[in-house]
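Keep the model open beside you as you read.

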Amino acid sequence: MDQNRTPLFDAMVSLAESRKVSFHTPGHKSGKGISTRFRKYVGPRVFSIDLTCLDEVDSLQKPRGVIKEAQELAADIYGADHSYFLVNGTSGGNQAMIVSSLSPGEPVLVTRNVHKSVISGMIMTGCQPVFIPFKLGHGASFPLNYGTQDILESIEKHPYIRTLYLTSPNYYGVTVDLEKVADAAHAHGMRVLLDEAHGPHLHFHPELPSSGMAAGIDLSVQSTHKIIGGMTQASMLHAKKERIDIDRLSTVLRYLQTTSPSYILMASLDLARMQMATEGVKLLGRALELARWARMKIREIPGLKCANRTEIHAISGGENDLDETKLTIDVRGWGVSGYHVSQRLNLEFGIQVEMADIDHVLIIVSIGDHRGDLERLVSALTALSGEKPHLGSRTPVPSMVFFDNLLRMTPREAFFSPHETVSLEESAGRVAADIITVYPPGVPLLVPGEEITPPVIDTLQRFRDSGATMDGLDMTNRFIQVVSGNGPKT
Ligand SMILES: Cc1ncc(COP(=O)(O)O)c(C=O)c1O
């Protein structure tokens with residue numbers, strides 16, 4: 001297929017330029033009714049392509065024209081049988097993958113390092129998660145991903161389960177050997193669903209780890225907006241038809257997605273695909289070069305560490321790989337927290353990082369970065385390192401926390417049971433009713449239906465006291481929703 005084509009964007013421009021009179025939504029009518037301040041700042045053009053489902057620009061709910069063509073071009077380049085444009089991010093894609101693939105009560109083998117949207121998909125369906133135990137102790141300061149061997153062992157142990165759910169890359173760019181896992185799962189009659197939010201670019205450069213579709217994964221969702229040229233919220237879902245019910249998937253997407261999708265978001269997907277297909281190797285090659293240069297310079301700064309691909313290979317025993325465009329800077333040597341460094345970079349140097357955790361700041365290097373941006377980061381870190389003794393101190397909070405909590409009811413049963421609010425201190429032995437995450441990276445410490453234990457309470461209290469952003473507790477981070485009564489004993 002001709003990957004230079006951008007059928008959706010072209011149709012939008014042509015419709016906008018035809019200057020037809022509009023008696024349809026959106027109510028701002030090509031920007032004529034929009035606030036003057038808004039129009040003055042962004043210019044008039046963007047409003048002329050803020051369109052709705054019209055014959056000329058097709059419908060996401062039932063694509064048969066230019067959206068269908070744009071999605072087919074995406075499927076062609078990613079090696080999928082079907083690709084879908086998503087306007088509610090990878091969160092919506094995770095929910096759609098689960099609702100379309102699993103039934104109430106059906107077990108799903110799933111890694112613990114999932115995004116909370118995976119758990120919300122479980123609440124929607126009532127499926128039964130079977131979490132794969134996560135082994136730490138690789139000697140890395142941040143969570144590597146699951147080891148291939150651990151996943152393969154779990155597949156062997158649960159031969160009756162038909163669906164495996166993985167996340168790769170994780171937030172820190174660490175990937176699983178997807179090809180090995182997909183082969184083993186398929187040999188056991190399982191299909192593999194992948195949250196590839198952080199990997200929409202992997203397909204387009206040979207020096208990046210393999211993409212899900214190239215590795216034979218059955219369903220994969222990617223945040224095009226996080227790493228390449230999609231606008232915020234714009235993601236894609238790719239499917240191979242052999243083990244996936246495509247009709248059911250299309251139906252679920254129609255149910256879960258808005259009936260008024262933003263054409264601007266969808267156009268950004270059409271253009272991001274064209275850009276990657278035609279210039280991806282060059283653009284990503286430059287991003288890789290910048291990231292490698294910055295990593296080298298950061299490693300020379302006293303007190304800082306920044307693991308490279310070889311080290312990730314070595315400490316994971318060859319089981320994990322690294323997307324080198326992610327720089328996880330370990331600041332423990334400075335005796336301060338990642339939150340502290342992130343704040344100083346922002347307030348004093350005008351540098352905003354992707355995220356901080358207790359021990360690190362995480363930098364995403366992408367096709368939008370220039371050498372000067374990375375030089376600015378390196379000199380800011382160098383300046384901070386010079387005043388190291390005065391930087392402050394860190395609260396003792398573990399940076400890696402995954403708990404193998406006892407699941408006393410399914411997330412759906414817990415979510416729909418009567419709830420009550422108790423203080424964290426009083427919650428030991430109760431059943432969690434909400435998803436509790438520490439953000440970033442937003443991995444759930446408690447899933448609805450899990451028993452709350454003293455180590456979880458202690459960790460939540462320590463995160464609270466260190467000023468981490470928490471989700472699922474009350475505004476003061478002191479109270480938690482639990483299932484009324486004690487819930488069933490297992
Ligand atoms: C692993 C993972 N999956 C899914 C999401 C949600 O993606 P989106 O923001 O596109 O909805 C995130 C967001 O950070 C994520 O880290």
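**Notes for a first look**

1. Let's begin with helix 1, whose buried residues pack against helix 3 (45-48), helix 4 (66-78) and helix 12. Please keep in mind that this is a predicted model. Helix 1 covers residues 7-17, and its buried members are Pro7, Leu8, Phe9, Ala11, Met12 and Ala16. An α-helix has 3.6 residues a turn, so residues three or four places apart point the same way. Just after helix 1, have a look at Arg19, which takes a positive phi of about 50 degrees.

2. In soluble globular proteins, nonpolar side chains tend to be buried together.

3. Which residues does Val192 touch, leaving aside those up to four places away in sequence? They are Leu164, Leu166, Val181, Ala182, Ala185, Ile217 and Asp218.

4. Seven strands form an open sheet in the order 1-8-7-6-4-2-3, and their pairing is mixed. On average, neighbouring strands here are turned by 20 degrees against each other, direction ignored.

5. Strand 2 (residues 107-111) runs parallel to strand 3, and five bridges join the two. Within this pairing, Leu109 has Val130 of strand 3 as its bridge partner, while Val108 stands opposite Pro129. Is strand 2 largely enclosed or left open, and why? Strand 2 is largely enclosed by the rest of the structure because four of its five residues are buried.

6. Helix 7 (residues 148-157) lies across strand 2, strand 3 and strand 4 (163-167). Relative to strand 3, helix 7 runs at about 135 degrees.

7. Finally, turn to the ligand. How many residues surround the ligand? There are twelve, and the closest are Gly89, Thr90, Ser91, His115 and Ala197. Helix 5 (residues 89-101) gives the most to this shell, with three residues. By class, the shell has nine polar, two nonpolar and one charged residues.

Notes
Residues are numbered from 1 along each chain as its sequence is written. This is a predicted model: local features need pLDDT of at least 70, side-chain atom pairs count only at pLDDT 80 or more; totals for chains, interfaces and linings use all residues. A residue is near a molecule or strand if its C-beta atom, placed from the backbone, lies within 6 Å of it. Ala, Val, Leu, Ile, Met, Phe, Trp, Tyr, Cys and Pro count as nonpolar, Asp, Glu, Lys and Arg as charged, and the others, Gly among them, as polar. Two residues are in contact if their C-beta atoms, placed from the backbone, lie within 7 Å. Two strands pair if DSSP finds at least two bridges between them. Axes are lines fitted to C-alpha atoms, for helices over the stretch in contact, and angles run from 0 to 180 degrees between N-to-C directions. A residue is buried if 20 or more other C-beta atoms lie within 10 Å of its own, exposed if 12 or fewer, and partly exposed in between; C-beta atoms are placed from the backbone.
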